[in-house]
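Me: Hi! Could you walk me through this one? I'd like to talk pockets and then helices.
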Amino acid sequence: MLLSEFDYNLPEELIAQLPADKRENSRMLVLNRDKHSISHKHFYDIVDLIEPNSLLVLNNTKVMPARLYGTKETGAKIEIFLLKPSSDAGEGCWKVLIKPSKRVKSGTIIKVSEELSVEVLHRLEDDGEWLVKLLYEGDLMAVLHRNGNIPLPPYIERKMQTEDIKKLDFERYQTVYAKDEGSVAAPTAGLHFTKEILQKLKDKGVEIAYVTLNVGLGTFRPVKCENVLEHKMHSETFEITQEAAETINRAKQTGKKIIAVGTTTVRTLETAYQKYGEIKACHDHSELFIYPPYEFKVIDNLITNFHLPKSTLLMLVSALAGKDFIFEAYEEAIKNKYRFFSYGDCMYIC
């Protein structure tokens, strides 16, 4: 299977730079696999489309302010992108990306503010990653909220970032049910939900369960090898509570449809099932790479955004709906000027 098979041309103006005026007003392309049909809806129609007696599973991870801007003693500006803590290296140690990395070396101190500095320890063997030590006092997340920035993906441009735009990103690049801080990217399929829509689904008889996968490089790092099978996913941590495990296993046993919100939820559930033969309460990690042909063990349907060309996420949805059907749908979305990627529209694969 070749990487070039998962490429498509997207007009740049269809890459969403801002979220929809209201979360639920995003457009939604509905793919019915049995009928091989494509229909055009809005996200608020999801209440009518999900059948009662279904189970909706969402990823309640929370995006942390992982992008830091600082300066060296020379005055050179440095950007630090926090990936995940490295507890085995010592307290306050993190794996990060640094830009421009050619301006730093072991021992470099980067000052972010009066209360936060970053000491560069050394370069790691992983692709482009560094180990650093955060120098601060008090509660780290509080310090990051005062000094960090929401880590928007590079295709969302913020050349002139006003306070209003910064406030908008802090609010809208986060799901309304976000709970556990630890992600460096949002589980974007969940951005369309409102508390009202979740309540309407509950009132209709739809069960809801939450899992946590902290989104890291594994989700958005590009595939660089032409032979897709040579790609190695980066490890991402996930957690499933006892309550969630019982709810999901019960849904499977009673034949309920299980609808995943987002590819991170899919990878959490499918990883757990592969490891334990059921959904088990656990704190574990996933390196699962899903591509055609993959036989899904847990999920039936999927709510997901539109994904980048040649991405592992595009391969995952192709495994669920069939590559030809997905590319037919993407062609339809482009023709109808749907908005793509993190702040864009979505699709419901049923």
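Reply: Happy to. This is a predicted model. Its second largest pocket is lined by 24 residues, and Leu-83, Lys-84, Gly-216, Ser-235 and Glu-236 are the ones nearest the centre.

Me: Which elements give two or more residues to that lining?
Reply: Those are strands S6 (77-85), S7 (93-99), S11 (180-183) and S13 (236-240). The largest share is from S6, with 3 residues.

Me: And how much space lies in the second largest pocket?
Reply: About 480 Å³.

Me: What does the lining of the second largest pocket look like by class?
Reply: You'll find 9 nonpolar, 6 polar and 9 charged residues in that lining.

Me: Thanks! Switching to helices: at what angle do H7 and H8 pack?
Reply: Helix H7 (residues 263-276) and helix H8 (residues 312-321) pack at about 65°, and their axes are 11 Å apart.

Me: What do we call that arrangement of H7 and H8?
Reply: Angles of 65 to 115 degrees count as roughly perpendicular, so H7 and H8 are roughly perpendicular to each other.

Me: Is the crossing left-handed or right-handed?
Reply: Left-handed, as H7 passes H8.

Me: Which residues meet there?
Reply: From H7 you have Thr-263, Val-266 and Arg-267, and these meet Leu-313, Leu-316 and Val-317 of H8. By class, that contact has 4 nonpolar residues, 1 polar and 1 charged.

Me: Great, that covers my list. Cheers!

Conventions: Residues numbered from 1 in each chain as written. Predicted model: local features only at pLDDT ≥ 70, side-chain atom pairs only at ≥ 80, totals over all residues. Heavy atoms only, no water. 1 Å grid on protein atoms, 1.4 Å probe; cavity = no way out; pocket = protein on both sides within 12 Å on 5 of 7 lines; lining within 4 Å. Points joined across faces, edges and corners; volume = space filled by probe spheres on them. Helix = DSSP H or I, 4+ residues; strand = E, 2+ residues; numbered from the N terminus. Nonpolar A, V, L, I, M, F, W, Y, C, P; charged D, E, K, R; others polar. Axes fitted to C-alpha atoms, helices over the stretch in contact; angles between N-to-C directions. Parallel < 35°, antiparallel > 145°, perpendicular 65-115°, else oblique. Left-handed = near helix turned anticlockwise from the far one by under 90°. Contact = heavy atoms within 4.5 Å.
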